Amino acid sequence: MRGESGAVSRVLVVDDDAGVRFTLREMLRSLSGIEVEQAEDGEAALEKLAARPFELVITDLRMPRMDGMELVRRVSVVPHAPRIIVITAHGSERFAVEAVKAGAYDYFRKPFDVDELLAVVTRALESVRLRHENERLTGELNLSRSMVFSSEPMGRLAQMVQRAGSRDVTVLITGESGTGKERVAEALVRASPRANGPYLRFNCAALTEELAEAELFGHSKGAFTGAHRVRPGLFREADGGTLLLDEVGELAPPLQAKLLRVLQEGEVRPVGEDRPVKVDVRILAATHRDLRKRAAEGQFREDLYYRLNVVQLRVPSLRERPEDIPVLARMFLDRFSDRFHTGPLKVPEGFVDRLVALPWPGNVRELENTLESLVALSSDGELDLSLLPTSAPRSAGATSAGPVVEGARSEEGEATPTGTGLKERVEAYERGLVLDALRIEGGNRSGAARRLGIGRATLHDKLRKYGLDSAPDEGGEGRG
């Protein structure tokens, strides 16, 4: 019998009688896809269970050192515990019933009846398979609310997100820039028992050390120049909920020490105050850096790395899941054709093949930006493949907003725009960028200006130009 995704089902047989272990192993071999290991008592079984996962444990009740009942109690409380079947002697069924109440799945009697044993084992393994399948489907449904995918690597990630999300543990989300680490964090929060609590995000690379410390841990009035009022800090604002530390690898060393204290002691000390404040916050951290390597090089605290790396979820790059490119492309084309009012766009033959063949070093974010530019600059209801990169697209760190479009030359040698209505389409593209920045920043114009890399006055000019000056300025000059 195969487990999830056709994997072999691992069964651990626990009995102090070598003859019984041999008999059970031979009987189980009649089921296909079964791998059997053995342990002579409960303590030996725990060692094996700690070393590798098993789908099923078959254990005797009476054994030296640690009996089967204690083994059931210890194993059944572990997250994603294997199913446990206990063996009982004839006339002692009451012990088996107690074991079931303690967490065992089922039991069978000695002497063994082959049909009975195999039926119980088959039911137990099928229940494990159904549990995994339900977990997978639930995880994919959860993650699909934030990300579009159809690939097996993302399906596996979705299942791990569901598992990690339901447990109140610190999670380190790794992956290249543009893979969607923040979207994974959102799915973790949705799967969490803290889903109804506050969820705040902080970019560790966005502020200077002094400002980042005040933003995270809070400060008292007059703690430093410009501290005109008390600020609670993100940790206290997120109390009872979740805080995502994005780009945690960029956190300054003094702040790493303070973050470690929060993880160890569950308390923060605001700038300018002497007494710490208790907080109850789940930490999610995201980074495109190799923190293990940075810790080895002395650039990141090793003790903090291990505190953050309780569970690590790696988001695969787009080139590792090329089957996701067509579904992502369709979504982005629909989104941008609607935004730029182009109407339905004809997709030329070979378009998807071209997309799949490119390496996308900037991952999903780069694919999105490229298709946004493509829609904005295409005309006559058809995508212009000449605007696609002919080799590797721009890197994730490039500042270009889209592909470079060279103008044609007039007889006088002056450059003229390629395609009809280029000025209008470029302006539509710029308007879309402004709207996106405002949406991401929740209407905060200062934050939108910083995101666009322009001054607030320039942003106001563009809002007037595109008839957006009536948009509300949420949050004024506050945090963007």
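The crossing of α3 and α4 is right-handed, meaning the near helix is turned clockwise from the far one by less than a right angle. This is a predicted model: local features need pLDDT of at least 70, side-chain atom pairs count only at pLDDT 80 or more, and totals for chains, interfaces and linings use all residues. Numbering starts from 1 along each chain as its sequence is written, and side-chain values use heavy atoms, with hydrogens and water left out.

Now the geometry. Helix α3 covers residues 68–76 and helix α4 residues 93–102; their axes come within 9 Å and cross at roughly 15 degrees. That makes α3 roughly parallel to α4 (angles under 35 degrees). Who makes the contact (heavy atoms within 4.5 Å)? From α3, Met69, Val72, Arg73 and Ser76; from α4, Phe95, Glu98, Ala99 and Ala102. By class, that is 5 nonpolar, 1 polar and 2 charged.

Helix α2 packs with α3 at an angle of about 25 degrees, axes 9 Å apart. α2 and α3 are therefore roughly parallel too. Their crossing is right-handed. Gly42, Ala45, Leu46 and Leu49 of α2 meet Leu71, Arg74 and Val75 of α3. The classes here: 5 nonpolar, 1 polar and 1 charged.

Zooming out. The protein has 18 helices and 14 strands (DSSP runs: H or I, at least four residues, for helices; E, at least two, for strands). Of its 480 residues, 45% are buried (under 20% relative accessible area, 1.4 Å probe, protein chains only).

How values were computed. Axes fitted to C-alpha atoms, helices over the stretch in contact; angles between N-to-C directions. Parallel < 35°, antiparallel > 145°, perpendicular 65-115°, else oblique. Contact = heavy atoms within 4.5 Å. Nonpolar A, V, L, I, M, F, W, Y, C, P; charged D, E, K, R; others polar. Buried < 20%, exposed > 50% of the residue type's maximum accessible area, 1.4 Å probe, protein only.
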